[in-house]
Structures are given as C-alpha cells and as structure tokens.
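Trainee: I've got a new model open on my screen and I'd like to learn how to read it. Could you walk me through it?

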Amino acid sequence: LATMFSQGEFPKMLWQHDVLEPIGVWEEIREDNRGLFVKGRLVLDLRRAQEAYAMMKERVLDGLSIGYRVIQAVKGKNPKERYLTQLNLFEISLVTFPANRAAKIINLKARGRNNDEEQLIQRIKQTVHILKS
C-alpha cells in the first residue's frame, strides 16, 4: 500500500470485478487489526453506481472482493497452504458473493446533495479481510 500511495495510485472500485465497469473511487485504504479497511464514494452519475447504491441500501449487495497479483509467497506446512507475503492490489470490487464472508460493507451513508443539487454524494465504510492463503 505504501508503494502504491507514494506513486499517487489507489486500487480501482469495480462492479463485480468487471474492468469495464468502474463505479466509484476509494478515498481511504489502510490496514488495521482486522485486515484491510477501505472507504469510498460511488460516482452516482453512472447508472450502475445508482443501481449498486440502491442494492446496498436494501442489503441485497453487501460484499467486497479484491483483485491482486502475487508478488511473493511462501509455502505453508501443508502442501495446499501458501502465505501471500507481498501483493499488487489493483482493484476492490462490490460483489454479490465475496470469497471471504467477512468482507462486508458495514456502513452506508445516505445520498446527499451539493449546492447545485446536481451531484449526489455518498460514502461507504467497508472492511475487507485479506485472504492469507
């Protein structure tokens, strides 16, 4: 994360891992004692982002998933174990079925209006656990 941020880069916010459907921006990303914490904002000028907001509001959509490339990994004690020690995190998606059930959207702010009453602003607080195996 530190390397990415120093280069002015943030992972993309995608809809269901679809690289053709970015739907927002991540504004805060940090590791905490539970895993990866992210806070973002949907671009509500996009139809898909409006749909995503409606589904999150009704708790139909509440999952998160990460897209990454493994840079370094070490083998575990069991042949099927592998510990990812260094990753290139390139996207965090809003998903229907997260691989990690704990990767959930935990807070959704109401849609608001700016002075022009044209742009709608909302924020998401999310927690994602990085899978270590």
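Predicted model: local features only at pLDDT ≥ 70, side-chain atom pairs only at ≥ 80, totals over all residues.

Trainee: In which sense do β2 and β3 pair, and over how many bridges?

Mentor: For pairing, look at the bridges between two strands. Here β2 and β3 run antiparallel to each other, with eight bridges between them. A hairpin of two residues links β2 to β3.

Trainee: Now the inside. How many residues does the largest nonpolar core have, and which have the most contacts inside it?

Mentor: A core is read through buried nonpolar residues whose side chains touch. In this model the largest one has 22 residues, and I23, W26, L42, I92 and L94 have the most contacts within it. At least two core residues come from each of β1 (12-15), β2 (18-32), β3 (35-42), α2 (47-57), β4 (63-75) and β5 (82-95). The element that gives the most is α2, with four residues.

Trainee: What is I23 in contact with, leaving aside its neighbours within four places in sequence?

Mentor: The list includes M13, L14 and W15, then L42 and V43, and also A49, A52 and L94.

Trainee: Let me try D45. Is it buried or exposed?

Mentor: Check its relative accessible area: at 62%, D45 is over the 50% cut-off and therefore counts as exposed. You'll find D45 in the loop between β3 and α2. Its C-alpha is 9.3 Å from that of I23, although the two are 22 residues apart along the chain.

Trainee: Which residues form a nonpolar patch on the surface?

Mentor: Y68, V70 and F90 do, and together they have about 220 Å² of accessible area. F90 belongs to strand β5 and has 33% relative accessibility, so it counts as partly exposed.

Trainee: Can we zoom out to the chain as a whole?

Mentor: Gladly. The protein chain has two helices and nine strands, in the order α-β-β-β-α-β-β-β-β-β-β from the N terminus. Of its 133 residues, 35% count as buried. Among contacts between residues at least 6 apart in sequence, 56% join residues at least 24 apart. The accessible surface of the chain is about 8600 Å², and carbon and sulfur atoms account for 47% of that.

Notes. Residues numbered from 1 in each chain as written. Heavy atoms only, no water. Core = buried A, V, L, I, M, F, W, Y, C linked by side-chain atoms within 4.5 Å. Buried < 20%, exposed > 50% of the residue type's maximum accessible area, 1.4 Å probe, protein only. Contact = heavy atoms within 4.5 Å. Pairing = 2+ DSSP bridges. Patch = residues over 30% accessible without salt bridge, like charges linked within 9 Å, V, L, I, M, F, W, Y side chains within 5 Å. Areas by Shrake-Rupley, 256 points an atom, 1.4 Å probe, with all protein chains shown as cover. Salt bridge = Lys/Arg side-chain N within 4 Å of Asp/Glu carboxyl O.
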